[in-house]
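Here are my notes on the model, as numbered points. Please read them with the coordinates open.

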Amino acid sequence: MKTALIVEDHQESRDWLADLMRQAFPGIIIEMADTLSSASIKASKDSFNLAMVDISLPDGNGLDLVAQLQATSPDTYIIMATIYDDDDHLFAALQAGALGYILKDQPRARLLSQLQGIARGEPPLSPSVARRILRHFRRTTAPQEAPELTQRETDVLRLLARGFTRTDIAEALDITANTVATYTKTIYRKLGVSGRAEAALQAVRLGVINQDL
């Protein structure tokens, strides 16, 4: 990670999140915003490898920025950093396109470990959040026929679920980024979803990929 955007309205929280990010990714260049509008302007002017976004902002919902980043900078790795530990906020964030969801009241060492795990392909999730997702997977649902994915589509989906960017997937599979984009659109259509986090959840639920990704 070389560049990051932190969107947080409380200065003290912005500062310690920035300090944490610098420790996790030495040399990273960080931009900060305290409102949705200022973050939107920054995101429209520059691309960021990583975005850490609060949900509740003075002038709107951080999920609106997630939608903007998904549309204009799909390779940005988006993490929600929030105090909301409930299903509604969690799954709304994942469906919008966030790849991580961390709670700001965790011990510093745990937050640092979650950020460092990104480099190993581990989505940053607070323990209570991870448990909630597992419970979601284990709920009894009516059987659904798994969509037929080609081997290459399954390969792309596995990497999407691990948080790989379009460029990373292209390099890993020795194909072009445009080809990855085409596969991704096909996967979304077959799964009936609109974002990669939602695609990963749906794929696990249907047994298309393993729960441990």
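1. Start with Asp-54. Is this residue buried or exposed? Asp-54 counts as buried because its relative accessibility is 7%, and the cut-off for buried is under 20%. Keep in mind that this is a predicted model.

2. Where does Asp-54 sit? The residue is in the loop between β3 and β4 (56–57). Its side chain makes a polar contact with the side chain of Lys-104, at 3.4 Å. Leaving aside neighbours within four places in sequence, the contacts of Asp-54 include Val-7, Glu-8 and Asp-9. Also among them are Gly-62, Met-80, Ala-81 and Thr-82.

3. Now the sheet. Which order do the strands take? The order is β2-β1-β3-β6-β7. This is an open sheet of five strands, with parallel pairing. The edges belong to β2 (29–33) and β7. Each has a single partner strand, so one side of each is left without a neighbour in the sheet. From one strand to the next, the twist averages 20°.

4. Look at one pair in detail. Five bridges join β1 and β2, in the parallel sense. Leu-5 has Glu-31 of β2 as its bridge partner. Across β1 and β2 lies α2, which runs at about 145° to β2.

5. Next, the packing. In soluble globular proteins, nonpolar side chains tend to be buried together. Here the largest nonpolar core has 26 residues. Val-7, Leu-65, Met-80 and Tyr-101 have the most contacts inside that core. The elements giving it two or more residues include the strands β1 (3–7), β3 (50–53), β6 (77–82) and β7 (100–103). The helices α2 (36–45), α3 (62–72) and α4 (87–96) do likewise. There is also a second, separate core of 21 residues, which includes Leu-17, Ala-18, Ile-30 and Tyr-77.

6. What does Leu-65 touch, not counting residues up to four places away in sequence? Its contacts are Leu-5, Val-7, Leu-36, Ala-39, Ser-40, Ala-43 and Val-53.

7. Last, the whole chain. The protein chain has ten helices and seven strands. Of its 213 residues, 49% are buried. Consider contacts between residues at least 6 apart in sequence: 65% of them join residues at least 24 apart.

Technical notes:
Residues numbered from 1 in each chain as written. Predicted model: local features only at pLDDT ≥ 70, side-chain atom pairs only at ≥ 80, totals over all residues. Heavy atoms only, no water. Core = buried A, V, L, I, M, F, W, Y, C linked by side-chain atoms within 4.5 Å. Buried < 20%, exposed > 50% of the residue type's maximum accessible area, 1.4 Å probe, protein only. Helix = DSSP H or I, 4+ residues; strand = E, 2+ residues; numbered from the N terminus. Contact = heavy atoms within 4.5 Å. Polar contact = N/O pair within 3.5 Å; in protein donor to acceptor, adjacent residues only side chain to side chain. Pairing = 2+ DSSP bridges. Axes fitted to C-alpha atoms, helices over the stretch in contact; angles between N-to-C directions.
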